[in-house]
Amino acid sequence: MTTKRLNTQVAIIGSGPSGLLLGQLLAKQGIDNVIIERVSADYVLGRIRAGILEQGFVDLVRQAGAAHRMDQEGLVHDGVIIAHNNQQTRIDLRKLTGGKSVMCYGQVEITRDLMEARQAMALPTWYEAPVTNLAGITSDNPKVLFSHQGQDYELSCDYIAGCDGFHGISRQSIPAELRTEYERVYPFGWLGLLSDTPPVNHELIYCRSQRGFALASMRSHTRSRYYIDVPLDHKVEQWSDEAFWEELHRRLPEEAAERLVTGPSIEKSIAPLRSFVCEPLQYGRLFLVGDAGHIVPPTGAKGLNLAASDVAALYRLLNHAIRQNDPSCLQRYSAAALRRIWHGERFSWWMTNMLHNLDGVEGSAGEGADTYQKFMTSELDFYLNSEAGKTVLAEQYVGLPYEDCGVPDPA
Ligand code: RFL
Ligand code: PHB
């Protein structure tokens, strides 16, 4: 069987939010791109993940021309509650950051909106087309090899954007001796439940309790998303809806728990928690974007937002490189993206430490039983009872500014 040959300027691997957003922004600037996705569009839309978007992300979706539904249906949150047992502290995001807020709008919805915008522009996307190899990455004309319905394809391009998530092929295509991977795994996962019930509160509640962590989030005024932390060896099948609701009820502050409305789950899954960064994010003409290059535990709501800041940097640099015929500017991508990534990693790790019980975890060891707990509950107490502390939290929760890549923003 002969391999069919295709051409484009930017080959994008993965049609998660990173790949779709990058593709849309490039297309708006007249830059050709092709997206190749391993699974079906429906499968991508079945993955329930993030819910909180920073202003920078919202602005990019607007630039990409896919914000119509988000602007109508997204919920603007001016504050967030942190609870320690029964004591609730509201972090007034708007007041503490000089007017900033976050947007509550599901990753599934963003993905759907971006897919529709891409379809409306008739941009090429290959679903159920796993990428099997990348060739000539350090040449001027790299190639992405993939298969679709039994046919092999070779996509020639100028640049490759590896937007293929943590388990993708892109990161593995950087020779092991040229990359350094930094990692921390945590001894618990988040069990999440989605239900068509009104949220327990109009703002998110992050909760540290004697029984463990809980998060009360939402997707709309009638759809709730809740999480509790569970040991890593737990299977989702061992958690009935009733058992989940009972445990959540016990972890939420009493005042909120009294208002909890329960109902059948629409989706229930366990996600492991991990901090991970690959350095550098560039090899030749391949660039890692989003979860392909880094993972954060979801406690700070930063994963998708860091993917967006990677996209912002790469999109600006690619636009400049292609328009000015100056690929050298792309050398700045990795360092610019990594600076903001490490701030997101640090914030997510810090929030995870303050809100979960990490006694006995590597890196927190050495203090003796319960001592790490004592440090962390004191840390939480300090930050929640100081205006300066709350400001530090708010500034990072709404999102730090994007890095200056030294090229003009095409918007
Ligand atoms: P994705 O979404 O994983 O998409 C990668 C895509 O690449 C495809 N792929 C391939 N395609 C072709 N060939 C191959 N060989 C391929 N290998 C893989 C995959 O099929 C997939 O479609 O990565 P992307 O686009 O970088 O997006 C990252 C986000 O999904 C992620 O960071 C967030 O979901 C993290 N996250 C949160 N982030 C936030 O900013 N705010 C939140 O509130 C938030 N909550 C969460 C979260 C993640 C969670 N889980 C389940 C990990 C809550 C949870 C529970
Ligand atoms: C969610 O709504 O899924 C969500 C919100 C905030 C987080 C993590 C997940 O920190």
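In the predicted model, an N or O atom in the side chain of aspartate 291 lies 2.7 Å from an oxygen atom of ligand 1, a polar contact in the sense used here (a pair of N or O atoms within 3.5 Å). Arginine 47 places a polar side-chain atom 2.6 Å from an oxygen atom of ligand 1, and leucine 304 brings a backbone N or O atom to 2.7 Å from an oxygen atom of this ligand. The protein covers 89% of the 1000 Å² of accessible area that ligand 1 has on its own, with areas taken from the Shrake-Rupley method with a 1.4 Å probe.

Around ligand 1 there are 33 residues, each with a heavy atom within 4 Å of the ligand. Helices α1 (17–28) and α9 (303–323) each supply at least two residues of this shell; helices here are DSSP runs of H or I with at least four residues, and strands are runs of E with at least two.

Turning to ligand 2, tyrosine 206 has a polar side-chain atom 2.7 Å from an oxygen atom of the ligand, while for the side chain of arginine 219 the corresponding distance from an N or O atom is 2.8 Å. The protein covers 97% of the 270 Å² of accessible area that ligand 2 has on its own. Strands β16 (212–218) and β17 (224–231) each supply at least two residues of the shell around ligand 2.

Residues are numbered from 1 along each chain as written, with chains lettered from A and ligands numbered from 1 in written order. Local features need pLDDT of at least 70, side-chain atom pairs count only at pLDDT 80 or more, totals for chains, interfaces and linings use all residues, and side-chain values use heavy atoms, leaving out hydrogens and water.

Terms used. Polar contact = N/O pair within 3.5 Å; in protein donor to acceptor, adjacent residues only side chain to side chain.
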